[in-house]
Amino acid sequence: MKKMNIAGKVSMLTALFVLLFSSLSFAATVPGGPSTEGKTNINSMLSYEEVVKTLTDIEQTSKGKVEVFTLDRFGKSEQGRSIYVAKVGTGEKKVWIQAQIHGNEKLVTEAALQLLKTYASNNSKDVQTVLEESTLYFIPMYNPDGAEMNTRGTKIAETEQYLDLNRDWVSEGGFAAKESKVVYSYWAELKPDFAIDLHHQGLKQVYGTNEATSFSLGVSLAPNGPTLPNYKNYNDVTRQMLAYVYDEMSGYGYTHIDRYQIVDRQNQIGYDIDIKGGVVSAMMMGLNYNGLNPDNHSHPAVFFETKGNSSEGSLGQKSNGYLTKQNYLALKSLVYGYVTGEVEEVDPNHWNDIPAYPLAGYWTDYNGIVPVESSGF
Ligand SMILES: [Zn+2]
């Protein structure tokens, strides 16, 4: 690949990045895509209050299988809301499932709650296996304030500063948001074995096709990227997990799935994300913030990105059911594959078979874009 002018690329890509995450401008051009008529009607999506009520209902009807609690002993959100956890299962492996760290990414909360309901009430063999082998910890609404404001990030109460919780990073003196501190504190105490983080993304196309991506599979610290190998080596296991999900989803008939990338549409190249910010990356790096994780406990984590969000009118009522089900099935499959060890049987290089744009580099939150040539791989 020819040498790039990095400064130029960065500013151009910043513009593209903004475009990607404010997808209105080209959403209308996607055939069969979601409605672009103003803001998505969020009345049909769960409010904070409804999430709390749903959790309480699930707990009550679960005959003791599900336990719901808040993280109030570690604090509350910037606006004083409790962050809820639902626990189910009796097994040794601890699986962490978080949704809606971005408040305008609504359907993932619905999917997480549906899966919790399945674990609470379904007696099928695969569900029983999961519950015997693992204990699952759901955080269905990580960012309740953002959810209520219908914004991606949140507002720090003291400074009124807007903050993306998934970029909250400690190198400059600690997590800024209460949500990050609360969730991190709980994570450090719990010491999970594996985490899945659920998101929505702007519209993109599967490389080499005219198909809108419905679902992307990613890792916040890119496999074989510049950061992760300096901490713990999760390059293989994260790729196995994503390849496993990819196969499972194809098996269910779901297509238009690709690897999560920030895409330069004009040049038809992609950048893998490689960010240290956010609690999920802290999990993978084994961050010891405030002395809460002195043995540097860490574990692999992956994320899913579903099409559209609710603050830019890029979710349509028609597709919501489909998108929620897709998330639900991917989540359920990966948990099962992880718990049973099926994931470990996947060839990590099968990850290369997930559709992706030619990799041009890594999109970091600490060193701009790191071109692929200089990353050592
Ligand atoms: Zn997100």
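Start by selecting Glu305, which sits in strand S12 (residues 301–307); helices (H or I, at least four residues) and strands (E, at least two) are DSSP runs, numbered from the N terminus. Before you go on, know that this is a predicted model: local features need pLDDT of at least 70, side-chain atom pairs count only at pLDDT 80 or more, and totals for chains, interfaces and linings use all residues. Residues are numbered from 1 along each chain as its sequence is written, and side-chain values use heavy atoms, with hydrogens and water left out.

**Stop 1: around Glu305**

UniProt, in an unreviewed entry, lists Glu305 for "active site". UniProt positions are given in the numbering used here, feature names are shortened, and annotations may be inferred rather than shown by experiment. Is Glu305 buried or exposed? With 5% relative accessibility, Glu305 counts as buried (buried is under 20% relative accessible area, exposed over 50%, partly exposed in between, using a 1.4 Å probe and protein chains only). Now show its contacts, meaning heavy atoms within 4.5 Å. Leaving out residues up to four places away in sequence, Glu305 touches His199, His200, Gln201, Ser214, Phe215, Ser216 and Tyr260.

**Stop 2**

His102 is in the loop between strand S3 (93–99) and helix H4 (107–121), while His199 is in strand S7 (residues 194–201), so the pair ties together parts 97 residues apart in sequence. Both of these histidines, His102 and His199, are buried.

**Stop 2: strands side by side**

Select S3 next. In S3, 5 of the 7 residues are buried. S3 runs parallel to S7, with 5 bridges, and Val95 stands opposite Phe194 in S7. (Two strands pair if DSSP finds at least two bridges between them.) S3 also runs parallel to strand S4 (residues 134–139), joined by 6 bridges; look for Gln98 opposite Ile139.

From S4, step over to S2: these two run antiparallel with 4 bridges, and Lys87 has Tyr137 in S4 as its bridge partner. Strand S2 (residues 84–89) has 5 of its 6 residues buried, so it is largely enclosed by the rest of the structure. Strand S1 (residues 66–70) is joined to S2 by 5 bridges, antiparallel, with Thr70 opposite Tyr84.

**Stop 3: the nonpolar core**

A nonpolar core is a set of buried Ala, Val, Leu, Ile, Met, Phe, Trp, Tyr and Cys residues joined through side-chain atoms within 4.5 Å. The largest one has 90 residues, and Tyr119, Leu136, Phe138, Phe304 and Leu334 have the most contacts inside it. Click on Leu136: its contacts include Val88, Val95, Ile97, Tyr119 and Val335. A second, separate core has 10 residues, among them Ile269, Tyr271, Trp363 and Ile369.
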